[in-house]
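Here's a quick briefing for anyone opening this structure for the first time. Have a look at the sequence and the model, then read on.

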Amino acid sequence: MKSGVYLCTCNNLLSERLDIARISKALSEVPDVAYVKTSAMICSEEGIAVLTKDILQEKPARIVFAGCSPRSHELVFHKVLEETGINPHLMQIANIREQVAWVTPERTAATRKALALIRAAVARVRHHHPIEKISVPVCADVMVVGAGPAGLSAAFTLAKAGRNVVLVEKSASPGGMPMRFDEIFPDRSCGPCLMQPLLDAILFDELPGTVELLTLSQVRSVRGSFGRYEITVEQLPRFVDNVRCIGCGECVIACPASAPSVFNFGLGKRKAIDFASPGALPHVPHIEEKACLRGRGASCSACRDACPVDGAIIFDDPVQIHQREVGAVVLATGASLLEISALQGLGQGKMPDVLTSPAFERMLANDGPVKGKIRTKSRRIPSRIAIVHCVGSLDEMHKPYCSAVCCRYALKYRAMIRERLPEAKIIHLVKEWCLPGQTAQRLYLQAGNDRNTKAFRYRSLSSLKITLSGNMKKLSFEDDAGKIHRVSVDMAVLCPAIVPKDEAAALAAAFGVRTDEFGFFNDEGVDACGNGAAGRGISTAGTCRAPVDISTAMEQGRAAAGRLLAELRQAATLVILPAGVQVDQARCSGCMLCIQLCPAQAIEQDRAGKKAVVRELLCTGCGICVASCPAGALHGGVFSSEALSAEMKGALEDRER
Amino acid sequence: MKGKRKTFEPRVVAFLCQWCSYAGADHAGMVREEYPSGILIVKVMCSGRVDPSHVLDAYRKGADGVMILACHPGVCHYRSGNLIAMKRYRLLVRTLQQAGIATERCMFDFVSATEGKRFAGLAKDMAVRLKRLGPLSLK
């Protein structure tokens with residue numbers, strides 16, 4: 001198995017430092033060398049043309065290039081080999097410029113070293129075997145988990161690009177958090193209005209790809225890998241037929257049962273059968289089993305009796321299990337807020353008029369439970385309102401990070417309160433201000449111009465106490481100079497830290513996505529090797545990754561879609577050049593150590609669960625598994641142990657001392 | 001042999017990973033940082049590819065010393081191949097002790113793509129140490 005050796009003098013520069021003639025002569029005496037050809041500049045257009053012609057003529061079994069670093073031209077030479085019909089793995093490059101000529105001043109020593117490295121390459125390349133491209137069948141469809149702004153943006157982008165999307169949403173209706181926000185910073189535009197075009201397009205438009213929306217649904221199990229995931233989704237019953245229901249709402253009026261409204265964060269009630277929200281799309285209600293009298297054994301049928309359409313209400317609607325095959329996934333499951341009712345000294349959940357920000361959002365909403373009227377529980381108009389930022393954020397005891405959006409929405413509250421209550425005194429309590437970008441300052445300056453608004457820095461949550469005193473809430477806190485302040489307010493709005501959802505850990509485990517110390521998804525893979533989950537076709541977008549605002553969440557959704565469109569090309573198969581790492585099944589002892597160590601999660605158990613198998617689509621050829629296998633059952637492709645051993649032999653054989 | 005020690009140029013097999021340390025060695029070339037010519041570089045994709053058996057193989061084939069250079073902790077392109085390599089190195093050192101091979105003949109360190117001068121420094125240090133120890137002779 002002889003090699004054709006191509007020696008480049010780098011425009012004769014190397015000839016100054018190396019005795020090229022001597023190298024050439026010594027190489028032609030090596031048994032494994034078929035021929036040695038010297039060129040002034042192989043990488044030039046002319047040089048490539050000459051090289052191509054030469055290879056076609058000589059048809060060497062292996063090829064060795066000696067010249068500059070493989071980091072310069074490895075891919076160029078790969079291409080030449082492909083064009084001349086030689087498998088690109090059948091070459092090796094000896095670096096005699098950066099790693100010899102430029103670092104070895106003495107000509108004899110440099111020549112000797114160059115010769116050693118070229119001989120090493122010649123010895124090694126004999127152990128390179130052709131590795132053919134393979135076709136892996138894939139599914140171009142994508143699953144998007146979460147139908148909030150990030151998920152909807154991803155789904156829309158994918159569907160517009162012609163991909164079929166399965167959109168899985170846990171709640172009864174898509175849209176996510178913005179559906180609850182009457183106004184959104186910085187322009188105080190309306191949340192449901194912002195989501196409407198996306199929802200319209202996905203629900204009602206004819207997009208190139210189909211979007212299958214599964215509401216009341218959650219992912220239960222994930223099998224397979226990039227290109228071919230098999231995902232099981234559990235869908236809870238709606239008890240209302242999506243197609244037959246005309247959205248008249250007669251059932252809601254007739255329903256005798258009610259429960260606290262989850263959508264309104266406990267503010268106000270919803271009927272057992274009700275729309276998820278006033279502007280919910282599709283405009284179809286659902287029955288909350290726990291609130292429904294039938295759920296408690298009674299035989300109520302008020303809703304069905306009131307319904308003008310036969311068969312729209314289905315009492316025996318079953319739980320459904322859906323199996324979907326997709327090639328890639330976008331996780332856009334959103335985030336939650338720190339539960340602060342247990343926090344000592346804040347009184348949230350115990351005292352009236354101490355609200356968390358989402359409850360305050362629903363109070364402010366014109367379509368909300370109190371139609372946007374800011375009133376205390378005893379129906380008074382508050383004359384002093386405190387807004388406490390950083391509740392649980394920037395706090396060693398809770399979350400050390402900033403939750404990114406609270407200052408901006410708190411300033412939004414100030415503007416909305418001011419509009420509705422011109423005389424109210426507003427106090428912002430802030431640990432740190434966070435106002436990134438061009439538009440946030442505008443809200444801050446408006447607050448600064450409002451003579452009835454003050455801001456204080458408070459030192460820590462532990463020094464903040466809210467107590468009840470008659471009708472008023474007394475707030476005491478230590479400012480950052482250590483001085484104690486006491487203010488009396490009618491209402492306090494607390495802005496809790498943004499935290500991952502309770503189900504995030506289970507989802508991360510199911511999809512094999514790494515999380516950070518706080519539980520946010522953190523696996524995008526920063527390097528080109530694509531070793532993050534995104535390299536395996538699982539992208540993340542929105543607040544499930546980190547606290548971000550709505551526009552950023554939407555951008556991340558589009559970006560996740562874009563990335564998947566590039567990596568999971570629309571085709572029945574993906575053609576790839578594998579790295580060549582394989583398991584010798586005869587030697588594999590089934591210890592599965594390699595599976596744990598693989599950074600790309602490219603190794604899996606075979607169907608019988610007894611041996612390891614490499615998934616060529618994901619393998620990056622790093623070889624960590626090869627070195628770890630106690631049975632020596634893994635073959636390292638072009639970096640096999642035989643190749644490395646031969647390379648060392650070739651390098652050290654030179655006995656001239 | 002007469003005069004052998006005077007002309008002893010140690011030969012070192014240096015396993016460098018494609019992404020960081022190999023690029024670091026290239027960088028040494030780019031900034032013309034010289035180092036002894038006995039340093040023979042073997043490129044691997046990741047330092048985690050290096051098996052202790054390769055190191056012993058190197059000694060058997062005539063290397064006086066072995067270097068394993070990896071990406072700095074936290075930036076391995078294959079997540080933590082460099083940390084796996086480091087753990088293996090620590091075990092390897094114990095094996096070398098038992099085999100009666102001076103542990104200075106095998107070194108492990110971290111080199112990034114912009115640390116050409118540092119790579120050259122590590123190579124020079126290695127050569128100095130090996131010159132003091134003399135050529136390796138295995139029974």
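In chain B, 79% of the contacts with a separation of 6 or more join residues 24 or more positions apart, where contact means heavy atoms within 4.5 Å. Keep in mind that this is a predicted model: local features need pLDDT of at least 70, side-chain atom pairs count only at pLDDT 80 or more, and totals for chains, interfaces and linings use all residues. Residues are numbered from 1 along each chain as its sequence is written, chains are lettered from A and ligands numbered from 1 in the order in which they are written, and side-chain values use heavy atoms, leaving out hydrogens and water.

**Chain B: build**
- Chain B has four helices and four strands, taken as DSSP runs (helices H or I, at least four residues; strands E, at least two) numbered from the N terminus.
- Starting at the N terminus, its elements go β-α-β-α-β-α-β-α.
- Along the principal axes, the C-alpha atoms of chain B fill a box of roughly 45 × 35 × 20 Å.

**Chain B: burial**
- Of the 139 residues in chain B, 60% are buried, meaning under 20% relative accessible area with a 1.4 Å probe, protein chains only (exposed is over 50%, partly exposed in between).

**Chain A: a look at R418(A)**
- R418(A) sits in helix α12 of chain A, which covers residues 406-420.
- R418(A) counts as buried because its relative accessibility is 15%.
- Leaving aside residues up to four places away in sequence, R418(A) touches several residues, including E423(A), D450(A) and T453(A).
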